[in-house]
Amino acid sequence: MYQLTGIGKTYKQGPRIVTALKDVDLTIEDGDHIAIQGQTGGGKSTLLQLLGALDRPSTGSILLDGKDLARSGDAELGRVRARRIGFVFQGFNLIPTLTAQENVETALAPLGVGTAARRRRAAEALASVGLDSRASHLPSELSGGQQQRVAIARALVKDPSVLLADEPTGALDEDTRNDIIELLERIRSERGITLVVVTHDSWVARRAQRRLQLRAGVLTERPVAAQRVG
Amino acid sequence: MFITYLTRELKNRRRQTSIVAIGMALAIALVIVVNAVAGGVKTAQASALSSVYGVGTDITVTQATTTSSSGTQQFRFGAGAGSTSGGTRSFNSAQLRTARGVTAFATTAVTKVAATGGVKAATGVLSLQSTTFSGRTPTQSSGSGAGGTPQTRPTDGTSAGGPSSFGIDSTSVLGYDVSASTAVGPLSSTTLKSGRMLTAADTGKNLAVLDSDYATSASKKVGSTVTIDGKAFTVVGIVKSTSATGASASNVYIPLDTAQKLSGETAKVTTVYVQATSASQIPAVQTALQTALGASMTVNTQAGLASTVTGSVSTAATLAQNLGLWLSILVLAAAFLLAVLFTVSGVTRRTREFGTLKAIGWTNRRVVGQVAGESVVQGLLGGAIGVALGLAAIEVVNLLHPTLTASASTGAAGGPGGPGGFARVATSAASIALSLPITAPVLGLAVALAILGGLIAGAFGGWRATRLRPAAALRSVA
């Protein structure tokens with residue numbers, strides 16, 4: 001699915017150049033469940049944004065099913081995000097003025113889905129995360145766990161091939177965290193989609209098939225045996 | 001999705017929406033009121049002008065006055081003038097001459113005007129002032145005053161400083177071509193109240209038509225006689241002005257040839273009234289007439305004539321055109337700025353929201369459309385409130401009926417008094433109730449301005465939104 005070669009990413013912070021990623025090589029297969037761990041500022045979110053076509057690398061190439069995202073224009077990256085990638089954020093990032101149902105529908109707006117189909121698919125997505133009874137509620141009327149479920153429904157409603165989650169349980173208590181992770185794993189196994197989770201939580205990371213470590217922009221992958229020892 | 005998102009956002013940001021809408025509403029209301037005042041004042045000016053120039057007069061031709069031609073009005077009496085009775089000598093003298101500040105010119109100018117291309121109709125009139133002096137002095141003082149010249153007074157009051165008393169009676173007299181149509185000229189803005197108008201058969205006769213106000217004040221009616229330059233004229237009709245000013249151009253209307261003969265201005269007129277074939281022809285006709293008649297003649301259009309209207313209507317016109325216009329522009333600019341600042345600030349506050357939408361695939365176009373849509377609706381909301389406010393303000397003004405004074409005069413603009421100076425005659429002064437019109441173009445302008453304000457604010461907000469890169473937008477709040 002993904003083929004990252006020689007990825008480097010630098011930012012300008014005033015007069016300073018900050019290196020977020022250094023010569024990263026990574027291959028991700030269809031259906032993989034990957035956890036990315038590392039220190040704060042280690043480049044985890046940057047790597048996730050590159051995988052999610054939110055940004056372009058300073059060097060290297062990112063092939064998504066053969067298409068190089070590093071060489072694609074803004075419009076093409078937008079199309080990739082709209083059709084193939086689902087995002088789940090730590091802060092849920094729901095539109096506060098829209099209901100749960102309408103928040104889910106926002107993901108279908110760029111796909112030109114008709115109103116009736118949009119409503120039906122959003123309702124189905126909410127039902128798949130167990131929130132069909134909360135469809136008409138505003139985010140402020142939902143708990144943190146429920147909000148994250150709405151965010152997951154929004155990511156899934158367009159049937160993406162990859163789900164990218166940036167600290168999806170960072171703002172949740174332990175029980176809710178467990179529910180959300182189990183939900184994500186169930187969805188991955190049911191739909192066969194690729195799941196990439198950035199997390200500080202070792203419990204969450206241990207649930208993944210592959211664990212990647214980012215330190216000062218350098219990516220290393222822990223061997224499977226080591227992962228099992230955890 | 002677009003409508004749902006838009007309405008939710010505007011409802012959620014009620015305070016901001018209200019501030020922007022109210023700012024826009026005030027600006028739009030001001031534009032409507034200023035435009036309506038300008039329209040109302042223009043109508044009042046036209047009304048004041050029509051009483052003097054008549055309806056349908058596009059151009060007037062006069063001759064610039066010189067000091068020598070206007071002269072000083074004097075009555076001279078010889079040593080034996082007047083009649084003596086009981087120790088008192090009585091004087092009585094009448095004059096009929098072109099009004100102060102007006103110069104008569106040859107009627108050939110009327111022929112020249114009528115022959116000019118683009119002229120539909122032209123008629124010449126002779127504006128005169130009939131002044132009667134009457135007074136008495138004690139006979140014992142008359143000896144020393146033999147050949148003296150009693151000074152006329154600017155009014156027709158009676159001197160009361162001693163045994164002598166003098167009085168001056170002044171009446172405006174207009175000689176017009178009774179064989180020509182009255183569709184153009186001062187009488188076009190009058191209606192016959194009683195009797196009849198003068199006709200071609202009345203040429204050379206001592207017959208007169210009176211202005212109704214003058215007839216009332218002088219207690220004259222059809223069949224009465226009025227004295228002009230010592231001659232008795234029979235009143236055959238009474239006309240009433242159709243203009244809001246109430247008074248017509250002259251007190252008395254007589255046949256042109258009679259007026260010329262009595263005043264000694266043979267084959268002369270003081271003003272030529274011109275109607276162009278179409279409004280678009282007026283500037284060309286003005287130029288052609290000026291060329292044909294020479295620089296000594298003054299050719300004025302209605303636009304130029306409007307500047308001769310004085311009084312509070314003139315002040316209102318100046319206020320509407322200058323202060324009103326600039327105030328509207330200023331308030332409109334402030335309202336637009338307010339809308340822009342609030343929209344840009346709103347986009348900045350919603351950085352994460354727009355970053356998220358871009359992350360899930362929303363294009364810049366869709367995000368800009370959303371921001372611009374919200375701004376345009378805010379503008380339209382303000383526009384709707386502004387139209388309501390403006391209409392209410394106009395309604396209040398129309399109910400209050402504020403009165404403006406207007407004074408319009410015929411005569412040459414120019415000469416020693418400068419444009420609109422003393423070179424005037426047949427002045428019509430009256431109070432006009434200001435009525436503000438509501439016109440579709442003004443309402444259309446208001447709606448267009450509201451949309452424009454929304455689009456400008458939306459353009460700035462949208463520009464700010466397009467500069468948000470999704471990754472940076474999400475990172476900025478992470």
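**Helix H4 of chain B.** I began with helix H4 (residues 108–115) of chain B, where the buried residues are Ala109(B), Val110(B) and Val113(B). For "buried" I used 20 or more other C-beta atoms within 10 Å of the residue's own, for "exposed" 12 or fewer, and for "partly exposed" anything in between, with C-beta atoms placed from the backbone.

**Ground rules.** I am working with a predicted model, in which local features need pLDDT of at least 70 and side-chain atom pairs count only at pLDDT 80 or more, while totals for chains, interfaces and linings use all residues. Residues are numbered from 1 along each chain as its sequence is written, and chains are lettered from A and ligands numbered from 1 in the order in which they are written. Helices (H or I, at least four residues) and strands (E, at least two) are DSSP runs, numbered from the N terminus.

**Confidence in chain A.** I noted a mean pLDDT (the predictor's confidence in each residue, from 0 to 100) of 90 for chain A, with 97% of the residues at 70 or above. Where is confidence lowest in chain A, and where highest? Helix H8 (residues 224–229) has the lowest mean, 49, and helix H3 (residues 100–105) the highest, 95.

**Four-stranded sheet, chain A.** This open sheet has the order E2-E1-E4-E5 with antiparallel pairing; strands pair if DSSP finds at least two bridges between them. Strand E2 (16–28) and strand E5 (67–68) are the edges, each with a single partner strand, so one side of each lacks a neighbour in the sheet. Strand E4 (residues 59–64) and E5(A) share 2 bridges, and I saw Leu64(A) opposite Lys67(A) in E5(A).

**Six-stranded sheet, chain A.** Here the order is E6-E7-E8-E3-E9-E10, open, with mixed pairing. Each edge strand, E6 (85–88) and E10 (218–221), has a single partner, so one side of each is left without a neighbour in the sheet. Strand E7 (residues 162–166) runs parallel to strand E8 (residues 194–198), joined by 5 bridges, and Leu163(A) stands opposite Leu195(A) in E8(A).

**Where the chains meet.** Last, I checked the contact: it takes 19 residues from chain B and 19 residues from chain A, counting two residues as in contact if their C-beta atoms, placed from the backbone, lie within 7 Å. On the chain B side, helix H1 (2–12), helix H11 (351–359) and helix H14 (470–475) are the elements giving two or more residues.
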